[in-house]
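Here's a quick briefing to read alongside the model. Take a look at the fold, then work through the topics below.

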Amino acid sequence: MRYQLMNPVGFPRPLLADHHDQPGAAGVLGGPWLAEVDVAVVGAGLSGLVAARALQDAGLRVLVLEARDRVGGRTWNQALGDNLWVDGGGQWIGGSQCRVLELARKLDIPLLEQYDEGDPVVLGDGPRDDAQARRERQDVQRRLEAMAAHVPGSAPWLAPHAVALDALSVEAWMDREGLSEAAREAVARTIGTTLSTEPGNVSLLWLLFYLASAGGFEALDEQAQQYRLQGGAQALSLRLAEQLDGRLRLDCPVQRIVTRDDQSQLLCCSQGLIHARRVIVAMMPADIRQIEFSPPLPAGRQALQENWSGYSGMKVHLHYSRPFWRDAGLSGASSNDRGLVQVTFDSTCDPARGGVLLAFIDPQVLRDQPQQRRARVLEELVALFGETARQPLGYVEQDWSRDPWSAGCVTALKPQVLSRYGQHLRPAVGSLHWAGCETSEVWCGYLEGAVRAGERAAEEVLQALG
């Protein structure tokens, strides 16, 4: 389904015409007038749409601008065969994620429990699982959780010793502390599955903030994957878009945002000009680099965006005539510490329509060789689940690092970014406000965080407009 603004919304033409005479208006930016609104929202992902609906419900004139030809941002119902759809991006929610659960209930989107009956499969050496190794894993997790308890979610850069914590990568900290192999594996596994990168790329302060944001290792490793959404996670955004009374433009990337003397904003997009009293930019900070701001953003905010890191989280979905792994008493979950396929999950929605396996793979291996990559994926799935895995009915990949409008799917900040520039993440810059799941202090990076960030940004705008 496509959404398009059919008629301009806003003030009468004479008022619009007046703006053409202003410095920095149409004469400089070029293009026709589209609309004059109270609030323009840049980005039709979940966070931006939550903000837009809240503002519309409050009686404000809102227009959402989206660069892609669809809503949903980093949630995407990807086609896998005839009328079969899978989550190409974010897909899970947890029982403690109350805001997104409430949103799903209000939008009448049922939950699907993540299938976890049966045994997981471990390929490669796998982690040691003797009593000593379990104690070592638990000890390092408790230790990091105790450190995370002193990191305020609203301002992790103000944590005790924040600069020193942020100067270390997680790998450097583990080296310094002389952690056992079992302890290192536990930490690396959480970072790999939740942040799609290696401990050497992650600031210790960022990991502590991430733990505090979610509520600890058990929340990240287990509780966050309790449910999926019937119709896919993108269903949240599709339903919200239906409620926006047509106030949405797709295929409409914003190229430039000009702050006028009265602090109102002119947005130059591919389809023309919009005048707004306030703007919410609901994008990953790294993606905001694609927009030119006039005057330039404050130096700290620019540095935050320039140093923001996004990682792919490359997914492969495979469709089979049935979830055959269940016949063998397997859950569909697996891990492989040496392969291209890193972890798998059962992503079946309706067993009557076949079984679906989800595999997270290393996006750097065979990066530009799709045929060889597919052959390697199938070979490793055969090693995990048997010969039946070799002949899927459907196969689809999604590499977010190749998306033209996204720097990646998940965030993990490198050392010396959060402590230096984190203070610029949430505060408005004049009449510019920031949303997106990365700006949430609770469940940062998750669907829950996206909902909370959209609600916060909308409340900021409502307060500013009185």
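Leaving out residues up to four places away in sequence, Gln225 touches Trp92, Ile93, Gln114 and Leu220. Keep in mind that this is a predicted model.

- Gln225 sits in the loop that runs between α10 and β7 (227–229).
- From the C-alpha of Gln225 to that of Leu413 is 23 Å, with the two residues 188 apart along the chain.
- Gln263 is another loop residue, placed between β9 (254–259) and β10 (265–269).
- Is Gln263 buried, exposed or partly exposed? Gln263 counts as partly exposed, because its relative accessibility is 38%.
- Setting aside residues up to four places away in sequence, Gln263 touches Arg277, Gly430 and Ser431.
- Gln263 and Gln141 are 122 residues apart along the chain, and their C-alpha atoms are separated by 47 Å.

**The six-stranded sheet**

- What's the strand order here? The open sheet reads β6-β15-β16-β17-β14-β18, and its pairing is mixed.
- The edges belong to β6 (119–123) and β18 (394–398); each has a single partner strand, so one side of each has no neighbour in the sheet.
- On average, and ignoring direction, neighbouring strands of this sheet are turned by 20 degrees against each other.
- β14 (residues 315–320) and β17 (residues 355–361) are antiparallel, pairing over six bridges. Within that pairing, His317 has Leu358 of β17 as its bridge partner.
- Helix α14 (residues 370–385) packs on this sheet and touches β6, β14, β15 (330–336), β16 (341–346), β17 and β18. The direction of α14 makes about 65 degrees with that of β16.
- β15 and β16 make a hairpin, with four residues between them. Those two strands run antiparallel and are joined by two bridges, and Ser335 stands opposite Val343 of β16.
- β16 also runs antiparallel to β17, this time with five bridges. Val341 finds its bridge partner in Ile361 of β17.

**Around β20**

- β20 (residues 432–435) is covered on both faces: Leu432 and Trp434 are buried on one side, His433 and Ala435 on the other.
- β11 (residues 272–282) and β20 run parallel and are joined by four bridges. Ile280 has His433 of β20 as its bridge partner.
- Trp434 also has a charge over its ring: the charged end of Arg301 sits there, 3.8 Å from the ring centre.

**Nonpolar cores**

- Which members of the largest nonpolar core touch the most other members? Out of its 46 residues, they are Leu144, Trp173, Val187, Val202, Trp206, Leu207 and Trp308.
- At least two residues of this core come from each of α5 (131–148), α6 (162–167), α7 (170–177), α8 (181–195), α9 and α10 (217–221).
- α9 gives the largest share of this core, nine residues.

**Aromatic rings**

- The count of aromatic pairs comes to 13.
- One of them is the tilted pair of Trp206 and Phe209, at 5.3 Å centre to centre with 55 degrees between the planes.
- Trp206 and Phe209 both belong to helix α9 (residues 204–214), where they're three residues apart, about one turn of the helix.
- Why do they count as buried? Trp206 does because its relative accessibility is 1%, and Phe209 because its relative accessible area is 3%, with the cut-off for buried being under 20%.
- Tyr320 and Phe324 give an edge-to-face pair, 5.1 Å centre to centre and 80 degrees between the planes. Tyr320 and Phe324 are both buried.
- Trp206, Phe209, Tyr210, Trp308, Trp443 and Tyr446 make up one aromatic cluster.
- Over the ring of Tyr115 sits the charged end of Arg326, 3.7 Å from the ring's centre.

How values were computed
Residues are numbered from 1 along each chain as its sequence is written. This is a predicted model: local features need pLDDT of at least 70, side-chain atom pairs count only at pLDDT 80 or more; totals for chains, interfaces and linings use all residues. Side-chain values use heavy atoms; hydrogens and water are left out. Rings of Phe, Tyr and Trp (its six-membered ring) pair if their centres lie within 6.5 Å; planes under 30 degrees apart count as stacked, over 60 as edge-to-face and the rest as tilted. Buried means under 20% relative accessible area, exposed over 50%, partly exposed in between (1.4 Å probe, protein chains only). A charge sits over a ring if NZ of Lys or CZ of Arg is within 6 Å of the ring centre and within 35 degrees of the ring normal. Two strands pair if DSSP finds at least two bridges between them. Axes are lines fitted to C-alpha atoms, for helices over the stretch in contact, and angles run from 0 to 180 degrees between N-to-C directions. Contact means heavy atoms within 4.5 Å. A nonpolar core is a set of buried Ala, Val, Leu, Ile, Met, Phe, Trp, Tyr and Cys residues joined through side-chain atoms within 4.5 Å.
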